[in-house]
Amino acid sequence: MKKLLLSTAALAAFCSSAAQANTVFTDRAAFEAALTSFFTESFENNPQFDAVVTYGDLTIEETNGINSITNSLISVFFTNAVTDGSGSVWYDDNDDSIANFSFANPINAVGFDIATSASETASIVGPGFTESISVGTSPVFFGIIATSMFTSFTVDVSGGPEVGFDRVSYGMGTAATVPIPAAAPLMLAGLGALGLRRRRKAQ
């Protein structure tokens, strides 16, 4: 009987823990429609060239490489990542460079346009998520709404190309609800009924 009750409790816990999951987006419109509040940085002002650059609540840092993030207008170093206005931010990925994005306040959603000087794979890693996307000379969008809050994430592009970003949108969104398997409620009901039956027989 105790084993049955434990099994029922474990199944109920599983169903409740499976209620939400990280949601990944490749379409900006769908991503922004799922946000409840957000801010977008398009890097139009305050040109900078340093290992660490800050734009309001957003800070970007390059480590393990040349250690320079550049905010420039119409970059001539590679096919441009600009998708909004005329500014973008970029760095030269080499010697295992990693771009670190950090935020002044906790968020659970971030999205951005990314382009590189050669076709490569970008790994986006944050607390509770690790995603990979294919990138190239034409900007592509990546967005994620996570089930937990975070204040930083990293982007690591293999192969050593120049990497550019634009329209970094960040804030709060609603994580996707994962449907509970149709059989789970029936199984819970069945286990409960079986437990009651055994209890009555024991009395």
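Start by selecting arginine 167. At 23% relative accessibility it counts as partly exposed (buried means under 20% relative accessible area, exposed over 50%, partly exposed in between, with a 1.4 Å probe and protein chains only). Arginine 167 lies in strand β13 (helices, H or I, of at least four residues and strands, E, of at least two are DSSP runs, numbered from the N terminus). Its phi is near 50°, a positive value in a residue other than glycine.

A word on what is on screen. This is a predicted model, in which local features need pLDDT of at least 70, side-chain atom pairs count only at pLDDT 80 or more, and totals for chains, interfaces and linings use all residues. Residues are numbered from 1 along each chain as its sequence is written, and side-chain values use heavy atoms, with hydrogens and water left out.

**The salt-bridge network**

Glutamate 32 forms a salt bridge with arginine 167, with the closest N and O atoms 3.8 Å apart (a salt bridge is a side-chain nitrogen of Lys or Arg within 4 Å of a carboxyl oxygen of Asp or Glu). Glutamate 32 lies in helix α2 and arginine 167 in strand β13, so the pair ties together parts that are 135 residues apart in sequence. Salt bridges that share partners join Arg28, Glu32, Asp113 and Arg167 into one network.

Now select arginine 28. Its salt bridge with glutamate 32 has closest N and O atoms 3.1 Å apart. Both residues lie in helix α2 (residues 28–33), four residues apart, about one turn of the helix. Arginine 28 is buried at 10% relative accessible area, whereas glutamate 32 is partly exposed at 21%.

**Serine 169**

Next, go to serine 169, in strand β13. Serine 169 is buried, with a relative accessible area of 0%. A polar contact of 3.0 Å joins its side chain to that of arginine 28 (a pair of N or O atoms within 3.5 Å; within protein, one must be able to donate a hydrogen and the other to accept it, and residues adjacent in sequence count only if both atoms are side-chain atoms). Leaving aside neighbours within four places in sequence, the residues in contact with serine 169 include Phe31, Phe38, Ala109 and Gly111 (contact means heavy atoms within 4.5 Å).

**Around strand β12**

Show β12 with β9. They run antiparallel, joined by 11 bridges (two strands pair if DSSP finds at least two bridges between them). Alanine 109 stands opposite isoleucine 145 in β12. Strand β2 (residues 23–25) also runs antiparallel to β12, with three bridges. There, threonine 23 stands opposite isoleucine 145.

**The core**

Select Phe101, Phe153 and Val155. They have the most contacts inside the largest nonpolar core, which has 30 residues (a set of buried Ala, Val, Leu, Ile, Met, Phe, Trp, Tyr and Cys residues joined through side-chain atoms within 4.5 Å). Apart from it lies another core, of seven residues, among them Phe25, Leu35, Ile145 and Ala175.

**Last stop: confidence**

Color by pLDDT, the predictor's confidence in each residue, from 0 to 100. The protein chain averages 80, and 68% of the residues score at least 70. Over residues 1–14 the pLDDT is below 50. Where pLDDT is low, the predicted coordinates should not be read in detail.
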